[in-house]
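Hi there,

Here is the structure I promised to pass on to you. Have a look at it first, and my notes follow below.

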Amino acid sequence: MARESRSLAAFCVAMAALAVVCIVGLVLDPRLLGGQPIWAKPLKFSISFVLYSATLAWMISLVAVPRTRRWARRAGVVVAAAGTIEMIAIVGQVVRGRASHFNVATTLDTAVWSVMGTTIVVLWLATAALGVLLLRERSLAVDTAWAVRLGLVVTLLGMAVAFLMTSPTGAQVAAAQTTGAMPTVGAHAVAVPDGGPGLPLVGWSTTGGDLRIAHFVGLHALQGLPLLVIGLTLLVPRVPVLRDARVRARLVGVAGAAWTGLTVLLTWQALRGQPLIAPDGATLLAAGVLVVATLVATLLVLRPRPTGDRILEPR
């Protein structure tokens with residue numbers, strides 16, 4: 001593994017190993033927390049971090065300028081360190097049988113949640129810094145460059161959705177006014193308590209809004225847009241118009257705009273307390289507009305060109 005991504009590679013391997021441990025925990029540990037198996041949360045986080053760290057390591061390897069590469073490597077070290085601290089906190093709370101997120105019931109719980117909140121901010125800032133560095137990178141093919149840049153931007157948007165989960169809910173405030181205590185501050189779900197009926201595997205609420213959906217979708221633009229470039233490149237022999245790297249870059253731009261729109265739409269739906277599987281008319285209308293706009297933009301990019309236009313061969 002290249003020196004630039006060594007810390008992220010080690011973190012990726014550690015998270016893969018932790019995922020195996022969590023699977024064993026799901027099998028052997030019958031405890032439930034918030035209506036879900038207690039090892040489900042660290043499993044989901046470890047898998048997410050495997051994808052996240054591997055993708056960031058690949059992106060850092062694309063940086064050609066030595067000075068920029070050094071700063072990108074430092075951002076990778078920060079991401080790996082912050083992610084490690086966050087996972088130690090999550091697994092530590094699982095071992096204790098306590099909730100890791102939004103839990104301020106005791107002094108120790110509050111301290112753990114404070115550390116996790118800090119690591120979330122650090123992860124966001126380090127990813128943003130890497131995005132700024134890659135905006136300055138001029139050695140990449142135009143389609144790859146836009147996939148990386150837009151992937152990071154949409155991922156930052158998805159990460160930012162998590163900050164909406166940290167404010168106390170109306171029910172928590174009302175309970176605190178009655179009892180004088182607020183053991184939980186923040187929630188994934190909107191308009192319903194966390195831990196209610198949810199979709200299989202992911203646990204997203206089926207009775208109210210759930211901010212984790214937009215968070216998940218936004219985060220994985222980091223993998224989705226580069227994979228789109230790979231797919232478009234594989235189609236080049238069969239679709240002549242895709243031989244032009246500028247066309248592929250425009251399609252990546254359309255996909256990035258659509259991904260951003262979907263992340264915003266899912267956030268809006270969740271904030272209105274609406275389950276993913278029960279969209280109302282306004283949500284369906286917005287989704288329809290997004291689909292039509294994406295299709296029209298795609299057709300415009302792929303429209304036949306005048307005979308005199310030259311198709312660029314990929315470098």
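**What I found**

In the protein chain, 68% of the contacts with a separation of 6 or more are between residues 24 or more positions apart. Please keep in mind that this is a predicted model.

On the fold, there are 10 helices and four strands in the protein chain. Going along the sequence, the pattern reads α-β-β-α-α-α-α-α-β-β-α-α-α-α. The chain is as compact as a globular protein of its length, because its radius of gyration of 22 Å is close to the 20 Å that the globule rule gives for 315 residues. If you are setting up a box, the C-alpha atoms fill one of roughly 75 × 50 × 35 Å along the principal axes.

As for burial and surface, 42% of the 315 residues are buried. The accessible surface of the chain comes to about 15,900 Å², and carbon and sulfur atoms hold 71% of that.

Helix H1 covers residues 6-28 and includes Val 20. Val 20 also belongs to a nonpolar surface patch of about 560 Å², which is made together with Ile 23, Val 24, Leu 26, Val 27 and Leu 28.

Helix H3 runs over residues 66-96. How far apart are its end C-alpha atoms? They are 45 Å apart, and this agrees with expectation because 31 residues at 1.5 Å a residue should span 45 Å. After H3 comes Gly 97, with a positive phi near 75 degrees.

Definitions and conventions. Residues are numbered from 1 along each chain as its sequence is written. This is a predicted model: local features need pLDDT of at least 70, side-chain atom pairs count only at pLDDT 80 or more; totals for chains, interfaces and linings use all residues. Side-chain values use heavy atoms; hydrogens and water are left out. Patches are made of residues with over 30% relative accessible area and no salt bridge: like charges are joined within 9 Å, nonpolar side chains (Val, Leu, Ile, Met, Phe, Trp, Tyr) within 5 Å. Accessible areas come from the Shrake-Rupley method with a 1.4 Å probe; for residues, only the protein chains shown count as cover. A salt bridge is a side-chain nitrogen of Lys or Arg within 4 Å of a carboxyl oxygen of Asp or Glu. Helices (H or I, at least four residues) and strands (E, at least two) are DSSP runs, numbered from the N terminus. The radius of gyration is taken over C-alpha atoms; the globule rule is 2.2 Å times the number of residues to the power 0.38. Buried means under 20% relative accessible area, exposed over 50%, partly exposed in between (1.4 Å probe, protein chains only). Contact means heavy atoms within 4.5 Å. The expected span of a helix is 1.5 Å times one less than its number of residues.
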